[in-house]
Amino acid sequence: SEPPKKHSYMQKLWVPVVIVIGLAIGESISILSTSGKEYGPPRGDFGYFPHLQTDPVLQTHIVLTTVEVALLLALMTIYVRMYVQTRASFSLGLVVMLLALLVEALVSYPLFIGYYGQVSLEPGLSSPSADIFTVCAYAVFLYLSLE
């Protein structure tokens, strides 16, 4: 059997790299949105987000949702490139599915929800615990897509 290719090993490093990038951007967004500084007009029901300073659950939700978006963008990049190279309808179907998941993640992004109404952080789909499972699923999907 052949030894593993170095190129394949380097590709798989993209999974932790994308996760770290998502964590860094999510943490930055969380800090900026919860700094209590008033910039621009009020945003939805949240005003300037001053109450977020004391809500670590919502801050965690912001960070994890940002990681989800980063993973989805990485997956879309892979499958768009694959579709361009192969013109396989399966790849196009995956791009459409990933686009739908990306739109869902953006529409349910904790800071954007303020435009639509009150944020619910009860156990369920909008809780950070659900985000952890989603991040794990997207990370495994990205890892397998890079093989």
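The dialogue below reads a predicted model feature by feature.

Q: Which secondary structure elements does the protein have, and in what order do they run from the N terminus?
A: A reading of the fold starts with the count of elements and goes on to their order. In this predicted model, the secondary structure comes to five helices and zero strands, and from the N terminus on the elements run α-α-α-α-α.

Q: How much of the contact pattern in the protein comes from residues 24 or more positions apart?
A: Sequence separation is the quantity to look at here. Among the contacts in the protein with a separation of 6 or more, 75% are accounted for by residues 24 or more positions apart. Leucine 23 belongs to helix H2, and, when residues up to four places away in sequence are not counted, leucine 23 touches Val63 and Val67.

Q: Why does leucine 23 count as partly exposed?
A: The class follows from relative accessible area, where partly exposed lies between the 20% limit for buried and the 50% limit for exposed. Leucine 23 has a relative accessible area of 38%, and therefore falls in the partly exposed class. For the protein as a whole, 35% of the 147 residues count as buried.

Q: Which residues of the largest nonpolar core touch the most other members, and which element supplies the largest share?
A: The general idea is that in soluble globular proteins nonpolar side chains tend to be buried together. In this model the largest nonpolar core has 22 residues, of which Val18, Leu71, Leu72, Tyr79, Leu98 and Leu142 touch the most other members. At least two residues of this core are supplied by each of H2, H3, helix H4 (89-107) and H5, while the largest share, ten residues, comes from H3. For leucine 71, leaving aside neighbours within four places in sequence, the contacts are Val18, Ile19, Val135, Tyr138, Ala139 and Leu142.

Q: Is threonine 66 buried or exposed, and with which side chain does the side chain of threonine 66 make a polar contact?
A: Threonine 66 is placed in helix H3 (residues 56-86), and threonine 66 counts as buried because its relative accessibility is 7%, which is under the 20% cut-off. The side chain of threonine 66 makes a polar contact of 2.5 Å with the side chain of tyrosine 109. Beyond the neighbours within four places in sequence, threonine 66 is in contact with Gly22, Ile25, Gly26, Ile29 and Tyr109.

Q: What is the volume of the largest pocket, and how many residues line the largest pocket?
A: The largest pocket has a volume of about 340 Å³ and is lined by 13 residues, with Gln11, Ala74, Ile78, Arg81 and Leu146 lying nearest its centre. Two or more lining residues come from each of helix H2 (14-33), H3 and helix H5 (128-145), and H3 gives the most, with seven residues. By class, the lining has eight nonpolar, four polar and one charged residues.

Q: Where is arginine 87 placed, and what is its phi?
A: Backbone angles are read along with the position in the chain. Arginine 87 lies in the loop between H3 and H4, and has a positive phi of about 55° although it is not a glycine. With a relative accessibility of 57%, arginine 87 counts as exposed.

Note on methods. Residues are numbered from 1 along each chain as its sequence is written. This is a predicted model: local features need pLDDT of at least 70, side-chain atom pairs count only at pLDDT 80 or more; totals for chains, interfaces and linings use all residues. Side-chain values use heavy atoms; hydrogens and water are left out. Helices (H or I, at least four residues) and strands (E, at least two) are DSSP runs, numbered from the N terminus. Buried means under 20% relative accessible area, exposed over 50%, partly exposed in between (1.4 Å probe, protein chains only). A polar contact is a pair of N or O atoms within 3.5 Å; within protein, one must be able to donate a hydrogen and the other to accept it, and residues adjacent in sequence count only if both atoms are side-chain atoms. Contact means heavy atoms within 4.5 Å. On a 1 Å grid over the protein atoms alone, a cavity is a set of points where a 1.4 Å probe fits but cannot get out, and a pocket is an open set with protein on both sides within 12 Å along at least five of seven lines; lining residues have an atom within 4 Å of a point. Grid points are joined across faces, edges and corners, and a volume is the space filled by probe spheres set on the points. Ala, Val, Leu, Ile, Met, Phe, Trp, Tyr, Cys and Pro count as nonpolar, Asp, Glu, Lys and Arg as charged, and the others, Gly among them, as polar. A nonpolar core is a set of buried Ala, Val, Leu, Ile, Met, Phe, Trp, Tyr and Cys residues joined through side-chain atoms within 4.5 Å.
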